[in-house]
Amino acid sequence: MALAENVKVECTPEVLTAIAGNIPVSITVTCPEGYFHPKATMEVVPVLVFNGGEVAGPTFKYQGDKVKDNNKVISKNGGSVSEKFNFAFQEGMEASHLELRSKAFYKNDVIDIPAIKVADGVNVTYQLVDLTGAYSLKDDGYQNVIHTSTEGQILYDVNSASVKNSELRNASVNELKQTLKETKANERAKVTGTKIIAYASPEGGQNYNAKLSDKRAGTAEKAWATISKGMEASSTEIQSVGQDWEGFQQAVSASNIEDKDLILRVLSMYSDPAVRENEIRNMSQIFTEMNKKVFPSLRRARFITEVEYQNYSDDELKALAKERLEEIGEDGLLRLATLSEDRDEQEVLYEMAAEKFNSQKAIYNLAAIALDKGFAKEANKWLAQVDGVDSDAINAQGVLALRDGKYDKAVELFRKAGTNEAKQNEAAVEILRGNYDAAAAKLAGATGNNAALANILAGNYDAAEEALVGEDAMTDYLRAIVAARKGNVSDVKVYLNMAAQKNPELGVKAAKDIEFANFR
């Protein structure tokens, strides 16, 4: 067993790296000519030694040219053997070394060969992944200015532009007049404009109907002056559409006409109004039915009034809450919760909105607050009350599974949710599983510690730097890792000091982190 000093051992990676809870190792041993006796055998055991113990890997057996067994052969003329194996990661292995312990057997002799150290430390940077999960409260959706519209309409007789007195008192016109009256009486509301839109039903020819529509626009404008007399003044816009093919299609779709699918197919096949009308007239029986059920509702003019309502300001809401909280509606309660920085107060407001209005936003936000507090059962209780398919709620269920270590279920829920936050959470699982390129791809363009970590592990150091936008201790620690991998000595020290000042535990971690082995 001479020439031992010429044995070459290569370990890949040079610094062992934990991936998804395991430490994969690849060893290649190259023996020089004359090293291995033709009648000798050898056993080699890789052992990972760390503070708190040691773990032995598999035993590898080799034999010389003349040994009749089934082990790998190392020729007297020299040669290489490669082995791949794996250690399950344990706490403390980050400060460790890997050594090969060997015994040679020749005739009746057992020869202990000095252990060979082949690697120092285990990189566990992937364990910095944040598994809290990304989720957020739903926006209150509060509108400082609420825009609404109210519509009334009058109908005309066939081929007529005269407005009948009865039409000025129909239900829709009376409702419109009531809205105008209430708007005038409300100091927070005002009419911002009115559109008068006149139409003709699509029979009788395009040119004729265009002129008839124009006449109806004129008489509708005069009718509006009567309807709105004494009410809130506003600008008025007059439109003449002509043949109302859009309204015709909607009316046919909503009707119970037996052959309405045939009519709708004609509309989809032809865009020319004259061709459409001719094709429909050819359906004589259908045309008669449409003349009774569809066309009368299209001989019309519409009055569409836009109203602007000034909602309560934040200060007004707060003052009202102190005096008459019970009078505040769902949107106001959600807004008050947004304005509060007290989680307990937020919960009270969300619970009130959930109880009084079955507010889905409030119910989900209560689940999010429970997640903040780490109350899984309470979060589940609220999420079960969310109606329908809610992507935020599905993502929150994924977060619960993530925290519970149910990664397959978590990924399934994140993919179903499909939100940006869900993609961030799925990327966290990819990091855990060692799929660094996939994680980085899912977080492309994102900021935050997990986005930075994914890019560090994928070797995208510039992208990692761009993602580090926070000022917390972990952000500084990750900045130090990027600096170390780029070889920026001064930045390593600066960022580690900043991290340790904010979180002393990170200072202790840095002292044994293999990322900084060359900077101590």
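**Close-up views of a predicted model**

**View 1. Helices α9 and α10 side by side.** Here Arg 343, Asp 344, Gln 346, Glu 347, Tyr 350, Glu 351, Ala 353 and Ala 354 of α9 touch Ala 362, Ile 363, Asn 365, Leu 366, Ile 369, Asp 372 and Lys 373 of α10, contact meaning heavy atoms within 4.5 Å. Sorted by class, the residues of this contact are 7 nonpolar, 2 polar and 6 charged. For that count, Ala, Val, Leu, Ile, Met, Phe, Trp, Tyr, Cys and Pro are nonpolar, Asp, Glu, Lys and Arg are charged, and the others, Gly among them, are polar. Helix α9 covers residues 343-357 and α10 residues 360-373; they pack at an angle of about 150 degrees, with axes 8 Å apart. Axes are lines fitted to C-alpha atoms, for helices over the stretch in contact, and angles run from 0 to 180 degrees between N-to-C directions. The pair is therefore roughly antiparallel (under 35 degrees is roughly parallel, over 145 roughly antiparallel, 65 to 115 roughly perpendicular, the rest oblique). Their crossing is left-handed, that is, the near helix is turned anticlockwise from the far one by less than a right angle; clockwise would be right-handed.

A word on the model: this one is predicted, local features need pLDDT of at least 70, side-chain atom pairs count only at pLDDT 80 or more, and totals for chains, interfaces and linings use all residues. Residues are numbered from 1 along each chain as its sequence is written, and side-chain values use heavy atoms, with hydrogens and water left out.

**View 2. Ser 340, in the loop between α8 (330-339) and α9.** With a relative accessible area of 9%, Ser 340 is buried (buried is under 20%, exposed over 50%, partly exposed in between, using a 1.4 Å probe and protein chains only). Leaving out residues up to four places away in sequence, Ser 340 touches Glu 345 and Gln 346. Lys 318 sits 22 residues away from Ser 340 in sequence, with 9.9 Å between the C-alpha atoms.

**View 3. Helix α12 against helix α14.** Now look at α12 (residues 391-403) and α14 (residues 420-432), which pack at about 20 degrees with axes 10 Å apart. That makes the two roughly parallel. Asn 395, Val 399 and Leu 402 of α12 meet Glu 421, Ala 422, Asn 425 and Val 429 of α14. This contact has 4 nonpolar, 2 polar and 1 charged residues.

**View 4. The two sides of helix α4.** In α4 (residues 260-269), Ile 263, Val 266 and Leu 267 are buried. Down the axis of α4, the buried residues fall within an arc of 100 degrees, so they line one face of the helix; the arc is that of the directions from the helix axis to the C-beta atoms. Over on the other side of α4, Asp 261, Ser 268 and Met 269 are exposed.

View 5. Thr 12 and Pro 13 are joined by a cis peptide bond, with omega about 0 degrees. Pro 13 belongs to the loop between β1 (8-12) and β2 (16-17). Helices (H or I, at least four residues) and strands (E, at least two) are DSSP runs, numbered from the N terminus. Ala 20, in the loop between β2 and β3 (22-31), isn't a glycine, yet its phi is positive, near 50 degrees. Ala 20 is partly exposed, at 35% relative accessible area.
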